[in-house]
Amino acid sequence: MDGSTAGLVLLFVVSLVPLLPTEVTLLGMGIAAAQGGTSLALVIAVASAGCLASDQALYALGRFGGRAALDRLSRRKTIAAGIGWLDGRLQRHPRPVLVVARWLPSGGTVGALLAGSLRWPMAEFFTASAVGVTLWTSYVAFLGYAGGQLITEPGVSLLLSLGVALVLGSVITYGVKRSAVTTGALPQAGGSATRTP
């Protein structure tokens, strides 16, 4: 197995397992694509397949008892803000909200669990999930690719791409937190924002 194949296998596994550093791995593979290591389209396809499979498993978990997992996740402040924001909007604008959720910390995980616990139709969830993961993985891979094109030193490229991703992610998270606070969507300490379906 050559280095690029091993990298793609690693990317798939990291994308498949919730809460592993998918963004950093995908940025690194985007940089590798810029420097001739592998095809950018293949990087996006592999990451999208892993994230999509993970979403379907989390959706199923949400349908069959994801409430406990959501309660555990809501103990983290940034994730609690995401849960509050998502829960307040998923029932009104489900598809676009699930797509946007991918940019929140653990937003893909939380969105899939919530969608399952709210008993969304599986076909609707799959469609929204597929659009969300494709847009998100493309965005992150292109960010890495751009960093790899600008700077040929892989370590510096990764730091530059990661820095841009962190700044953009922080801006989105801040906006979500402000929105959750102003609409009263943040869960109370020890509780969950989710409603019983």
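A crossing of two helices is called left-handed if the near helix is turned anticlockwise from the far one by less than a right angle, and right-handed if clockwise. The model is predicted, so local features need pLDDT of at least 70 and side-chain atom pairs count only at pLDDT 80 or more, while totals for chains, interfaces and linings use all residues. Residues are numbered from 1 along each chain as its sequence is written, and side-chain values use heavy atoms, with hydrogens and water left out.

**Helix 3 and its two partners**

Helices here are DSSP runs (H or I, at least four residues), numbered from the N terminus. Two packed helices are described by the angle between their axes and the distance between the axes. Axes are lines fitted to C-alpha atoms over the stretch in contact, and angles run from 0 to 180 degrees between N-to-C directions.

Take helix 7 (residues 107-117): its axis comes within 6 Å of that of helix 3 (residues 40-63), and the two cross at roughly 40°. Helix 3 and helix 7 are therefore oblique to each other; angles under 35 degrees count as roughly parallel, over 145 as roughly antiparallel, 65 to 115 as roughly perpendicular and the rest as oblique. The crossing is right-handed. On the helix 3 side, the contact (heavy atoms within 4.5 Å) uses D55, L58, Y59, L61, G62 and R63, and helix 7 answers with G108, T109, A112, L113, A115, G116 and S117. Sorted by class, that makes six nonpolar, five polar and two charged residues. In this sorting, Ala, Val, Leu, Ile, Met, Phe, Trp, Tyr, Cys and Pro are nonpolar, Asp, Glu, Lys and Arg are charged, and the others, Gly among them, are polar.

Helix 1 (residues 3-16) also packs on helix 3, at an angle of about 30° with the axes 7 Å apart. That makes helix 1 roughly parallel to helix 3. Their crossing is right-handed.

Buried means under 20% relative accessible area, exposed over 50% and partly exposed in between (1.4 Å probe, protein chains only). The contacts below leave out residues up to four places away in sequence.

| Residue | Relative accessibility | Contacts |
|---|---|---|
| S54 | 7% | S15, L16, P18 |
| D55 | 3% | R102, G108, A112, F125, S129, V133 |
| G62 | 4% | L113, G116, S117, R119 |

D55 and V133 sit 78 residues apart along the chain, yet their C-alpha atoms are separated by 9.1 Å. For G62 and V110, 48 residues apart, the C-alpha separation is 9.4 Å.

**The nonpolar cores**

A nonpolar core is a set of buried Ala, Val, Leu, Ile, Met, Phe, Trp, Tyr and Cys residues joined through side-chain atoms within 4.5 Å. The largest one has 21 residues, and L86, V110, W120 and F125 have the most contacts inside it. Elements giving it two or more residues include helix 3, helix 5 (77-90) and helix 8 (122-150). Helix 7 supplies the largest share, five residues. Leaving aside neighbours within four places in sequence, F125 is in contact with D55, Q56, Y59, L98, A112, A115 and W120. Apart from this core lies another, of 18 residues, among them V46, A47, V133 and W136.
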